[in-house]
Amino acid sequence: MTTGTTAATSTDAADEEHRARRLWRALEPLHAVTYFAPEARSAGESLGLRGFWRGYFGQRAAPLGPVPAEVVTALFYNFAPGFVARSVPEVWSVATPAQLLDARLAAVDAALGRALGELAGSAEVAEAAELARTAATSVSTAGRALAAANAALPWPDAPHLVLWQAQTILREQRGDGHVAALVSAGIDPVEALVVFAGAQGLPGDWLRERRGWTVEEWEAARARLTDRGLVEPNAGETVTDTVLTDAGRELCAEVEARTDALADQAWRALGDARAERLVGLAGPLVERVLAAGDFLPQNPMGMRPLVAAGPG
């Protein structure tokens, strides 16, 4: 249960999961090169941004303009405020949002070109790009600031970049909706991570450190969730041992169901046949991204990609 990123725990359950989640899993690795590919790290460093996180916050927040740390913290939702403040607003004094957007697109172009090889210029990628763009331009961005900011950017020309930009809009639209579901459920940012770690079986320390929370903040969140009956009482476990109660699992399922329902506009815009076609077209492309090592098997999204056998 984190910002728009919770995935089904098994790809064997694909037939049972919501179609909006299935579409997200099918396409998300094509966006994730933005953060995980070596070209992304090099892009930030070429502008003078030291370390992974300055590049991450700068490139992901760049569509918003030179916003303060408070805005990034609010919209990204599950990062500790102090963790964000180590990078923002300093990044804007090193590189402008326009420079970061150019660097981001160039890095994605290089990363997908390397991973996809000859498929980058294929008819299948062009078809997938057209379908994904139709979906991305059909979803509502009302109340969804990150999606709206990316939707306002000019579209690139190359089909593999159109596909990437479409998924960028779609995944941020999903993430914005997920934040709304969490707020409605009364789950604050660090609590969302505690619940997510328990639901996905991710090591709490590993996730906590990657979002900048202290042990004390994490344990305080666990205590609040325990008081609400959502997490089993701490009987001497470490922060990696969060166990959800039945009520916690039920609330998690409700948040995920709401997230999927809010993200279903893309599938509805395409209709079943075209949406299934897009899922099928994405399969061989994702296989290339995985083979290139540009998607982490263990990632803060708790995501296992959906890889189809080929275009349907």
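The axes of helix α10 (residues 159-185) and helix α14 (residues 246-262) come within 8 Å of each other and cross at roughly 140°. That angle makes α10 oblique to α14, where angles under 35 degrees count as roughly parallel, over 145 as roughly antiparallel, 65 to 115 as roughly perpendicular and the rest as oblique. Axes here are lines fitted to C-alpha atoms, for helices over the stretch in contact, and the angles run from 0 to 180 degrees between N-to-C directions. α10 passes α14 in a right-handed crossing, that is, with the near helix turned clockwise from the far one by less than a right angle. On the α10 side, the residues that meet α14 are Q173, R174, G177, H178, A181, L182 and A185; their counterparts in α14 are L251, V255, E256, R258, T259, D260 and L262. Contact means heavy atoms within 4.5 Å.

The model is predicted: local features need pLDDT of at least 70 and side-chain atom pairs count only at pLDDT 80 or more, while totals for chains, interfaces and linings use all residues. Residues are numbered from 1 along each chain as its sequence is written, and side-chain values use heavy atoms, with hydrogens and water left out.

The secondary structure of the protein comes to 15 helices and zero strands. Helices (H or I, at least four residues) and strands (E, at least two) are DSSP runs, numbered from the N terminus. Of the 312 residues, 55% count as buried, the term being applied under 20% relative accessible area, with exposed over 50% and partly exposed in between (1.4 Å probe, protein chains only). Among contacts between residues at least 6 apart in sequence, 76% join residues at least 24 apart.

G186, with a positive phi near 75°, follows α10.

W218, A221, R222 and L225 are buried in α13. They cover an arc of only 100° around the axis, which puts them on the same side of α13; the arc is that of the directions from the helix axis to the C-beta atoms. The face turned away from this buried side carries the exposed residues E216 and D227. The cover over the buried residues of α13 includes α11 (189-200) and α12 (204-211).

α11 packs against α13 at an angle of about 75°, with the axes 9 Å apart. That makes α11 roughly perpendicular to α13. V190, E191, L193, V194, V195 and A197 of α11 make the contact with E217, W218, A221, R222, R224 and L225 of α13. In α12, the buried residues are G204, W206, L207, R208 and R211, and what covers them includes α3 (52-61), α5, α11 and α13.

Most residues other than glycine have a negative phi, and most peptide bonds are trans. Y77, in the loop between α4 (69-76) and α5, has a positive phi near 75° although this residue is not a glycine. Y77 is buried, with a relative accessible area of 9%. A cis peptide bond with omega of about 10° joins V88 and P89, and P89 lies in the loop between α5 (81-85) and α6.

A95 is placed in the loop between α6 (90-94) and α7 (97-116). With a relative accessible area of 1%, A95 is buried. Leaving aside neighbours within four places in sequence, A95 is in contact with L47 and L100. The C-alpha atoms of A95 and P66 are separated by 9.9 Å, although these residues are 29 apart along the chain. S42, by contrast, is found in helix α2 (residues 38-46) and is partly exposed, with a relative accessible area of 42%. Its C-alpha atom is separated by 8.9 Å from that of G55, 13 residues apart along the chain.
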